[in-house]
Amino acid sequence: MDFPFLYGAQYYRDPTPERRYWAEDLRLMAVSGFNAVKFWAQWRWAHREPERLQFDELDVLMDLAAEQGLGVTINVIFDVAPTWLYERYPDALMVKADGSPIFPYACACRQIGGCPGPCFNHAAAREARRTFLEALVSRYAHHPAMQMWDVWNEPEQVGTMYRMPKPETLTCYCPLCHARFVTWLQARYRTLEGLNAVWGRCYTRWDDVELPQSPQTFTDMVDWRLFMLDTLAEEARWRIALTKAIDAQHPVYLHPACSTLSGFNPVTGIDDFLMAEGCDCFGGTTGGVPFSTVQCLSSAQGRVCYNVESHLRAGSTNMYPRHLTVREFTDNFVPQIGLGIRGFLHWQFRAETLGLEAPGWGLLDVDGSQGDTFRGAVEFWQRVAPAAERLAALQPEQAEAAIVRSTPNEILHWCMHQDFSELRESLAGYTTLLYDKNVRFQFLDDRQVTMGVPGHIKLLIVPALYGMTAPVANALATWVRQGGTLWCEAHTGGYNLTSGRHETTLPGLGLAEAFGLREVQATAVNHLGISQPEALTNALPADVLTAMRRYHADVGGPTISLQVGGVPLYGRGRYTEMHGEDMEALAALPGHAPCIVRKQIGRGCVYYLGIHAGSMCKDGGNPGLDRLLEIAMSSASIPATAERWSGVPDGVRIDRLVTPQGDALTLFNRLSSSVDLELETAMPLSGLFTAQWHCRDSALCIHLEPGQAELCVPQAWLDAWRVTELTTQPAAQTAAGSAASILR
Ligand SMILES: [Zn+2]
């Protein structure tokens, strides 16, 4: 299968843009050098009657794309169900926890209505989807414009209206889902006694099992949401399998809006890692680096991965969109390439003209003119195109560290807080720290940890892992004994998701015994009654400072300050002191037992932080955590930035993309001041955007403004491309020709 470096835009979401624009817009994309375009195929739009499918618009668009030599991704949209479906199958409506059905609705991003679609467990509704998908794939599998199938756009359970989870609007509480859930429980627990033991119930028949309604009971709610995640993964698998069965030639994938817990989440959304199964490549709606891009690439699990929805020109009727230049495209896209993204589709080519999303999104200005944004997007591609073929085959360096993303723990976190913000800040905090320290890292989910942490991972960070299963605990203990460096936070394994009970010795699930470390005096930071005036004098983010001033009176605030290596380390919420033989104290409150410790275990090592510190990293506001991470990296033999790149400070991210024909580098200055870098390289490189060249044979000298990114490729690639391009193409006619003139 062919996985080119993609560059293009989403174009058609019925009924916009209007037909009168199509031919000229697709021609403009082609002469601008774009190689890809995306069209939506919406179920409701095309399947107006049970036995009648109409693809009039797609037929025209596909032919126009073929005429222009554009490759088409058809994005299958099932969350807009036809009206006839519910007349025929009234029991296909999803049901909320309060027993009321979700009637089909229209919203800003689904103007034609029919959202969120029927219950995923309704067999006849699934057959109706199958009829549509079979007809669609059969119709275009052999069309000359066909490039890729995207079988699910930003999968989730109930659409935007109910995306932020609330107990009363969770789905689906219909009888079909109830029955399927019981079957799922039977497979998981085997006997009713087994279920009763874990849930703490006294059911006498499987029919007694009630659908969980309250998050406050934990295990049943975690099971209920895991069941829905499995339901959606099963839906993805049949869509992928059916598409492949009809069209074995073109790549098939789906694309999540990555589960970053700020909108999309595992309670009303999907398990990104599960959804990648069966995909030929993978896509995501990624909003820059590092958090959402790393999430997308990690869940892709080694597949070629595209950013198929770049939202750089977001806007609405209330807030008109920005005007972008090539700098914005470069500074957003190049760091994503550095992490492994292999192409971009802009959302979208023409500004929206329906509802609240108008006049957002267009690469063209709202009046259709080719303004700064369009010219910037085209120039970005003109500069990258000469290296694109080689970039499509490049591999980023292997990860040496990982952060554990545990889906059951994330669901449990919602059960505890009805909110994700603290966990999200924690994950984002560690992600940012590792990224700015130039560590190569990825996320690992529970299944990957259980199957065995990959050998190339030396440091494993498990932030706020309150809920843990026995297989994960066993895998972590084994991995440490074999030489891994584990980093965990207060109350790790406080809740045993395998037994359905809170642990009484922490870290839980046998880790206290395995590590010879035990939490003592575990409590909440608030109860320590410390007002910590010194914390207010340090470089804290403004919002943290405000919060501390407001809440940090005599009762004690939720934050705590410790000292590591002479600098303050801030924590929040949870607190414990540690007890154990042969442990090394790294930090403690005055007059207290150690709170942060390190201990050698077998060939490995554990860093146990008796606080939650990841969520206190905003804007570099946790210098002690930064220092502690450097110490842990050193234990794990992971080089610091200055060891990796002489003279380069933390905050300047450099990614090496490895190829047999030489390495490319992406550079990204995340500091608030400009930097001048001099990098030793194996062969002469040149920057595609700043046009800066080698100042000496073996050194790349480059100046980067704050926020600026650059993609440096071997000069030989450009020489080779220029020769090919100028000898095979009438230069003035194509965007590639324009790129040649830029490089000349
Ligand atoms: Zn249902």
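Reply: In this predicted model, residues 24 or more positions apart account for 74% of the contacts with a separation of 6 or more. Buried residues make up 52% of the 744 residues. A compact globule with 744 residues would have a radius of gyration near 27 Å, and the protein agrees, with 27 Å. The C-alpha trace spans about 75 × 75 × 45 Å along its principal axes. The protein holds 22 helices and 32 strands.

Now the helix pair. Two packed helices are described by the angle between their axes and the distance between the axes. Here the two are α5, residues 123-140, and α8, residues 219-246. Their axes come within 9 Å. They cross at roughly 35 degrees. The crossing of α5 past α8 is right-handed. From α5, the contact takes R130, L133, E134, V137 and S138. From α8, it takes R239, L242, T243 and I246. By class, the residues of this contact are four nonpolar, two polar and three charged.

Five of them form an open sheet in the order β11-β26-β27-β32-β29, with antiparallel pairing. β11 (395-396) and β29 (685-687) are the edge strands; each has a single partner strand, so one side of each lacks a neighbour in the sheet. The partner of β11 is β26, residues 652-658, joined in the antiparallel sense over two bridges. Within that pair, Q395 stands opposite V658 of β26.

Definitions and conventions. Residues numbered from 1 in each chain as written. Predicted model: local features only at pLDDT ≥ 70, side-chain atom pairs only at ≥ 80, totals over all residues. Helix = DSSP H or I, 4+ residues; strand = E, 2+ residues; numbered from the N terminus. Rg over C-alpha atoms; globule rule 2.2 N^0.38 Å. Buried ≥ 20, exposed ≤ 12 C-beta atoms within 10 Å, placed from the backbone. Contact = placed C-beta atoms within 7 Å. Pairing = 2+ DSSP bridges. Axes fitted to C-alpha atoms, helices over the stretch in contact; angles between N-to-C directions. Left-handed = near helix turned anticlockwise from the far one by under 90°. Nonpolar A, V, L, I, M, F, W, Y, C, P; charged D, E, K, R; others polar.
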